[in-house]
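Trainee: Could you take me closely through the helix packing in this model, and through the loops and buried residues that go with it?

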Amino acid sequence: MSALLWSLPGLPIASGGLLLLVRWRPAVVATVVAALTLALAVAAAATRPSARTVVFAGIESGLAVDGLSAVMVVTVAAVSLAVLVFAAGEMREARFFGFMLIFVGAMLLTVTATDLVLLLMAWEVMGAMSYALIGFWWRDPDRVRSASIAFVTTRAGDLGLYLAAGCAMLGGQAFALSGLAASSWRDLIAAGLVAAALGKSAQLPFSFWLSRAMAGPSPVSALLHSATMVAAGAYLLLRTQPLLAATGWAATLVAWAGALTALLLGAVAVAQRDLKQLLAASTCAQLGFMVLGAGVGAVAGGAAHLVAHAAVKSLLFLGAGAWLTALGTKDLAELRGAARRYRLAGVTFGIGGLALAGLPPLSLWVTKDAVLAAVRSPPLYVVSLGAALLAAAYATKAVLAVWRPGDVEGRRVRVAELIPLPVLAAVAAAFGVVGVPEVFGGWSELVGGPDAPPPGAGELALSGVLASAVVLAMAVLARLREAKIPGRDVWAGWLHLERAAVAWVWRPLTGVAKALAWFDDRVVDGAVRAVPRVGMAAARTARKPFETGVDGVVAGIAAGAARLGTLARRPQTGQVHTYFAQAAVAFVLLALVIVLVR
């Protein structure tokens, strides 16, 4: 069983790494690996394996598939297969498929990790791969800048995960996610996890990075915005819901963050003229409902919404990607007639859009209400209901834009790009069956969390009627000029969140960094460079009297030796009689010395 569990993330990661080295039929290899990964995910969901290992000295870590992670591994693997089948008709680069498989493997490792150690490792790999995929067309400076902004923004939130891990270690508790609520440091751990989750799931105030993520290829957007990356933050909050509830404040903070994101980013989506930007803003808004579910204890509803949204949003992004490839545009005004020209993509996109709008009996109508049913605060409920009505507005806007009559010309959509659409549309339409009371009871037992009732018939009827009214109103007012939207520039510009982040965070940080760099270069390095200069000056000063005395002695000895040498050379005349006279004198002197001494 442990081999099965390690193979689940290991197969796509190893295969992706191999594709980066051996570039042989990458589309086929990636599709086959994704299919095998789905088979492994189904087997793991059925058998619920677990595995333990020692990653560092004294630190044990592991993987496990329980009810919630069983749902996630199947969802991630299924959506990944659909996206890679679509990508096989559009992309050819082995580098792309390699990064995608590693990305999928990191997400599978994230949802099966039972502790902060492996979770943090997988989280890092996922972030690195998202940077590589968003900036895949690296020769375009704008795309690279977008990837950098997305990466830096999510990294700012990711610091919270390091804070959580550090506090768990200081608290002397195990790193296991299930035991964090009992830690004496649980408030700081919760703060770190919330920051990391909100950043990864593009919730306020981090939402703007998801707009930048649209610079990547359409399959990347479909995968990143549906079952992976952005879903990881919501999944982490659902997984650690007991910790949020135990703090007393984190659950409330998370609930309001999700509800406000759903409302404000819903308004941002309504103001968009770019189809991919509309879908990106709607992703932030829909993830807000999942985050709201974690905050109010609706784990079953949040998990159901996550699965349904994964099918809906991957379907919508793949449809948008097919039109972008065929028509070369993502402008809503230029996509008029696209659904009529490409009927299969149009019909399936329409199903996904109406599901996103919350129309009965489609999936998100039920799963959204499963979350709202757990909201007990009247102000929070009003905000959440307003967000649900905005969802109907932006989804209808997208559907009407592509179904209105118009003349579009483009190439044919490849068969591989169409294959996943009907399957995803079927899930988007039928997953609402989870709201049936008998089914919802089993679903709640499967994913765990606090006991929560299924959405009531009255609540479903009310939300269905309101969503239908909004859809009808949007259809009637379809000819209304978008320029009349109050403050449209603010909403279309994603509330100027990126500008605010640059002005209030990035520039002050870079200013402090430049000041510290100046201090380091001028003061610290100046002091370091001054030390040898002072030492050399002191040495030069100290050596003058020393050298004068010592050098004088040495010079005197040398001069004396030279004089002795000169005197010793004088008797050396080369004449025998001179040497004889010198010897005689020496003997006389020697005799005198002997006489005197004795």
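Mentor: A residue is called buried here when its relative accessible area is under 20%. By that cut-off Cys 284 counts as buried, because its relative accessibility is 0%, and Cys 167 is buried as well, with a relative accessible area of 4%. Please keep in mind throughout that this is a predicted model. As for disulfides, the count comes to zero.

Let us now turn to the helix pair H13 and H14. Helix H13 covers residues 275–296 and helix H14 covers residues 299–327, and the two pack with their axes 9 Å apart at an angle of about 175°. Since an angle over 145 degrees counts as roughly antiparallel, H13 and H14 are therefore roughly antiparallel to each other. On the H13 side the contact is made by residues including Leu 275, Leu 279, Thr 283, Gln 286, Phe 289, Met 290 and Gly 293, while H14 contributes, among them, Val 299, Gly 302, Leu 306, His 309, Lys 313, Leu 316, Phe 317, Trp 323 and Leu 324. Sorted by class, this contact of H13 with H14 holds 12 nonpolar, seven polar and two charged residues.

Of its 29 residues, 27 are buried, and the helix is mostly covered. Its length also agrees with expectation, because at 1.5 Å a residue the helix should span 42 Å, and its end C-alpha atoms are 41 Å apart. H14 is followed by Gly 328, which has a positive phi near 75°.

The axes of helix H1 (residues 2–21) and helix H2 (residues 26–47) come within 9 Å and cross at roughly 170°, which makes H1 roughly antiparallel to H2. Among the residues that meet are Leu 4, Leu 8, Leu 11, Pro 12 and Leu 19 in H1, and Val 29, Val 33, Leu 36, Leu 40, Ala 44 and Thr 47 in H2. By class, the contact of H1 with H2 has 14 nonpolar and four polar residues, with no charged residues.

Leu 4 counts as buried because its relative accessibility is 17%, and, leaving aside residues up to four places away in sequence, it touches Leu 40, Ala 43, Ala 44, Thr 47 and Pro 49. In the loop between H1 and H2 sits Arg 25, whose phi is near 45°, a positive value in a residue other than glycine.

The loop between helix H7 (186–200) and helix H8 (208–212) holds Pro 205, which is joined to Leu 204 by a cis peptide bond with omega about 5°. Ala 202 is also placed in the loop between H7 and H8; it has a positive phi of about 55° although it is not a glycine, and it is buried, with a relative accessible area of 0%. A cis peptide bond also joins Pro 360 and Pro 361, with omega about 5°, and Pro 361 is found in the loop between helix H16 (343–357) and helix H17 (363–372).

How values were computed: Residues are numbered from 1 along each chain as its sequence is written. This is a predicted model: local features need pLDDT of at least 70, side-chain atom pairs count only at pLDDT 80 or more; totals for chains, interfaces and linings use all residues. Side-chain values use heavy atoms; hydrogens and water are left out. Axes are lines fitted to C-alpha atoms, for helices over the stretch in contact, and angles run from 0 to 180 degrees between N-to-C directions. Helices (H or I, at least four residues) and strands (E, at least two) are DSSP runs, numbered from the N terminus. Angles under 35 degrees count as roughly parallel, over 145 as roughly antiparallel, 65 to 115 as roughly perpendicular and the rest as oblique. Contact means heavy atoms within 4.5 Å. Ala, Val, Leu, Ile, Met, Phe, Trp, Tyr, Cys and Pro count as nonpolar, Asp, Glu, Lys and Arg as charged, and the others, Gly among them, as polar. A disulfide is a pair of cysteine sulfur atoms within 2.5 Å. Buried means under 20% relative accessible area, exposed over 50%, partly exposed in between (1.4 Å probe, protein chains only). The expected span of a helix is 1.5 Å times one less than its number of residues.
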